[in-house]
Amino acid sequence: MAEYKFNGKNLNQRKLALEVIKYFINDKFDQNIDYFRKQLNGRNFSSPKIIIDEEEKNEFILNKGKEEFKTRYFSENSERVFINQKPYYITNQWGSDTKGKGRYFDGFLNFARNELKYDIQEVNPHYDKESELKQEKESRNMPKEENIKIELKIKNIMLYGAPGVGKTHNYKRLITMIENGIDEKTIFDTISENTNTDNFDSSVFENIKKENRLEFVTFHQSYSYEDFIEGFRPNENGNINLENGIFKKLCEKARENLEKNFYIVIDEINRGNISKIFGELITLIEEDKRDIYEVTLPYSKEKFKIPSNLYIIATMNSTDKSIATIDIALRRRFTFLKMKPNIDLVPNEAKELFSKLNEFITNNLGEDYQLGHSYFMQGLDLEFVKEYKIKPLLEEYFYGDEENYKKALEIL
């Protein structure tokens with residue numbers, strides 16, 4: 001089997017076909033999945049399908065002994081990728097003819113070179129059985145499942161909304177979708193709909209935590225540049241040492257491992273003094289300045305850049321401070337994703353109360369003060385929730401407005 005060079009790798013026919021397909025999906029990810037399947041499955045050279053969905057894969061495995069399925073080169077070990085949060089499978093058995101004619105591969109190779117304009121060089125045109133067997137043995141020892149890393153253009157995302165709409169909970173879902181290579185539009189549409197927030201694969205998120213690729217911080221009024229970036233701190237011996245802050249440490253980890261995504265979650269970001277905490281780095285967090293612009297840090301005098309594989313996800317309670325008056329530097333550098341209360345997530349016995357209270361609050365205070373659905377999703381007795389969760393919140397909302405407070409209590 002001939003050997004080829006593509007994407008910096010030397011590959012035999014089977015591995016080249018797989019590498020080109022994965023690269024093609026990554027390269028054309030802004031297209032619809034039907035576009036991929038038409039290109040990869042709908043041509044003569046790919047008569048044995050090379051990318052299938054979960055249902056088709058199960059059908060092939062179930063019927064693999066039947067004549068019409070014998071040329072469908074799929075198995076339980078086919079390569080898996082996620083597209084729009086849905087698993088698809090790419091065969092790892094395709095790329096050479098069993099009879100050695102290679103007609104499917106030759107057609108695909110011409111397509112990759114001539115239509116996709118991919119640079120594929122022939123390194124060794126001669127068949128080398130020993131080399132092929134060695135590569136196949138190595139491939140059997142490699143992990144079979146793989147997620148294509150699709151890098152989002154948006155790096156800074158703000159989840160904001162009223163109390164109890166699931167901002168803190170949804171950041172896990174958001175990170176999982178980024179990690180699975182979901183495109184921006186699907187991510188934002190899914191999070192904005194704010195439906196069932198438990199229907200994501202929590203193992204992906206837990207794996208990110210185990211690999212120390214995630215940090216969680218909460219901003220507050222005394223949080224400082226020294227906590228976040230770097231600064232001088234006293235140690236247990238009474239001496240003063242220069243120490244890196246949590247953000248700088250995570251940036252360094254991300255630069256050392258560019259093949260993976262890293263995440264910092266900033267809860268209650270609007271409660272901190274943004275200029276004081278970020279300092280000169282507020283400019284560098286912009287998407288188009290990642291990996292390019294650098295500054296000299298004031299304490300260490302080091303040159304510092306922010307890597308593009310670091311995502312900053314922040315949450316903001318819209319009742320704490322008006323969206324219109326937040327730090328303009330923060331507003332310009334983040335993409336805002338508003339989360340709204342979802343009555344569909346509220347138990348039936350509380351739906352009418354939930355609806356009437358939020359209508360009253362919206363009419364008198366604005367929609368940023370609505371009750372979130374999570375108040376009613378904690379498995380607590382409804383009377384308990386009304387007395388000890390909702391009533392104190394209403395008292396705070398209508399402080400100094402006795403008339404509207406009494407009307408709200410009547411609804412409650």
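## Close-up views of a predicted model

Tyr-397 counts as buried, its relative accessibility being 12%; here buried means under 20% relative accessible area, exposed over 50%, and partly exposed in between (1.4 Å probe, protein chains only). This is a predicted model, where local features need pLDDT of at least 70 and side-chain atom pairs count only at pLDDT 80 or more, while totals for chains, interfaces and linings use all residues. Residues are numbered from 1 along each chain as its sequence is written, and side-chain values use heavy atoms, with hydrogens and water left out.

**View 1. The protein chain as a whole.** There are 15 helices and 15 strands to find your way around; these are DSSP runs numbered from the N terminus, with helices (H or I) of at least four residues and strands (E) of at least two. Of the 412 residues in the protein chain, 47% are buried. Take the contacts (heavy atoms within 4.5 Å) with a separation of 6 or more: 66% of them are between residues 24 or more positions apart.

**View 2. Aromatic pairs.** The structure has 18 aromatic pairs; rings of Phe, Tyr and Trp (its six-membered ring) pair if their centres lie within 6.5 Å, with planes under 30 degrees apart called stacked, over 60 edge-to-face and the rest tilted. Phe-232 and Tyr-299 have ring centres 5.4 Å apart and planes at 80 degrees, so this pair is edge-to-face. Phe-232 sits in strand E9 (residues 230–234) and Tyr-299 in the loop between strands E12 (295–296) and E13 (303–304), so the pair links distant parts of the chain, 67 residues apart. Tyr-369 is partly exposed at 28% relative accessible area. Elsewhere, look for one aromatic cluster made of Phe-219, Tyr-223, Phe-228, Phe-247 and Phe-278.

**View 3. Helices H13 and H14 packed together****.** Two packed helices are described by the angle between their axes and the distance between the axes. H13 and H14 pack at about 5 degrees, their axes 13 Å apart. That makes the two helices roughly parallel. Here axes are lines fitted to C-alpha atoms, for helices over the stretch in contact, and angles run from 0 to 180 degrees between N-to-C directions. Under 35 degrees counts as roughly parallel, over 145 as roughly antiparallel, 65 to 115 as roughly perpendicular and the rest as oblique. From H13, Glu-349, Ala-350, Leu-353, Leu-357 and Ile-361 meet Leu-382, Lys-386, Ile-390, Leu-394 and Tyr-397 of H14.

**View 4. Helices H6 and H7 crossing****.** The axes of H6 (residues 167–179) and H7 (residues 184–193) come within 10 Å and cross at roughly 160 degrees. The two helices are therefore roughly antiparallel. On the H6 side, the contact is made by Asn-170, Arg-173, Leu-174, Met-177 and Ile-178, and on the H7 side by Thr-186, Ile-187, Thr-190 and Ile-191.

**View 5. Val-265 and its neighbours****.** Val-265 lies in strand E11 (residues 262–267) and counts as buried, at 0% relative accessibility. Leaving out residues up to four places away in sequence, Val-265 touches Tyr-171, Ile-175, Leu-214, Glu-215, Phe-216, Val-217 and Ile-313. The C-alpha atoms of Val-265 and Ile-312 are 6.1 Å apart, with the two residues 47 apart along the chain.
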